[in-house]
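Please walk through this structure with me, one feature at a time. Keep the sequence and the model in view as you read.

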Amino acid sequence: AYLGMGSYNQAIECHKKHSKICRELMDNAAQASACGNVAVAYCATGAYDLAEKFHNIQLDICHNITYDLAGEGKARGGLGNVYFARNQLQKAVEYHQGHVKICEKLKDRVGKAAALCRIGNCYASMREPDKLRLAEQYYNEY
């Protein structure tokens with residue numbers, strides 16, 4: 001609720017507390033989700049290093065501990081968003097492509113469409129003729 005109201009610091013504190021409680025209870029799946037929420041809030045404030053840190057924690061838990069493909073996809077998409085915000089566009093594309101692959105495995109058409117759109121946005125932001133053609137291809141696939 002705090003994030004939606006623009007109260008980012010309160011959102012960060014609540015999600016960090018949630019993450020700590022989940023860690024104490026050894027609820028890895030909930031901790032990964034809480035870390036993702038912390039990362040989204042940090043990204044909204046422009047604290048991209050902290051957003052990256054928490055998305056990487058989320059990714060590590062989902063990939064190596066809970067084997068949660070959907071959570072891993074969300075973490076990869078979140079990292080793609082962080083790199084896009086930093087204008088590290090090629091790195092953003094790589095993470096969004098990872099999200100696409102996971103969505104294909106899960107047959108998640110909505111997630112895949114969102115990731116494809118984000119890849120298109122990355123290529124469009126590169127403003128190079130060949131990248132603009134790639135953007136158009138991704139938008140058409142979306």
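Start with a term: buried means under 20% relative accessible area, exposed means over 50%, and partly exposed lies in between (1.4 Å probe, protein chains only). Arg 86 has a relative accessible area of 24%, so Arg 86 is partly exposed. This is a predicted model, in which local features need pLDDT of at least 70, side-chain atom pairs count only at pLDDT 80 or more, and totals for chains, interfaces and linings use all residues. Residues are numbered from 1 along each chain as its sequence is written, and side-chain values use heavy atoms, with hydrogens and water left out.

Now find the partner of Arg 86. The side chains of Glu 52 and Arg 86 meet in a salt bridge, at 3.0 Å from N to O. A salt bridge here is a side-chain nitrogen of Lys or Arg within 4 Å of a carboxyl oxygen of Asp or Glu. Glu 52 lies in helix α3 and Arg 86 in the loop between α4 and α5, so the pair ties together parts that are 34 residues apart in sequence. Helix α3 covers residues 48-65. Helices (H or I, at least four residues) and strands (E, at least two) are DSSP runs, numbered from the N terminus.

Is Glu 52 buried or exposed? Glu 52 is buried, because its relative accessible area is 18%. Leaving out residues up to four places away in sequence, Glu 52 touches Leu 79, Val 82, Tyr 83 and Arg 86. Contact means heavy atoms within 4.5 Å. A network of salt bridges links Asp 49, Glu 52 and Arg 86.

How many salt bridges does a search of the whole structure find? The search finds 5. One of them joins Glu 24 and Lys 20, at 4.0 Å from N to O. These two are 4 residues apart in helix α1 (residues 8-24), so about one helical turn separates them. Glu 24 is exposed at 55%, and Lys 20 is partly exposed at 46%. Lys 112 also forms a salt bridge, with Glu 104, and their closest N and O atoms are 3.2 Å apart. Lys 112 is partly exposed at 23%. Glu 104 is partly exposed too, at 40%.

Next, look at the cysteines. A disulfide is a covalent bond between the sulfur atoms of two cysteines. The test used is a pair of cysteine sulfur atoms within 2.5 Å. The structure holds 0 disulfides. Cys 122 is in no disulfide either, with the sulfur of Cys 117 nearest at 9.9 Å. Cys 103 is buried at 3%, and Cys 122 is buried at 0%.

Finish with the largest pocket. On a 1 Å grid over the protein atoms alone, a pocket is an open set of points where a 1.4 Å probe fits, with protein on both sides within 12 Å along at least five of seven lines; lining residues have an atom within 4 Å of a point. The largest pocket has 18 lining residues, and Lys 74, Gly 77, Gly 78, His 99 and Arg 118 lie nearest its centre. Elements α2 (28-45), α4 (69-85), α5 (89-106) and α6 (109-126) each give two or more residues to this lining. Helix α4 gives the most, with 7 residues.
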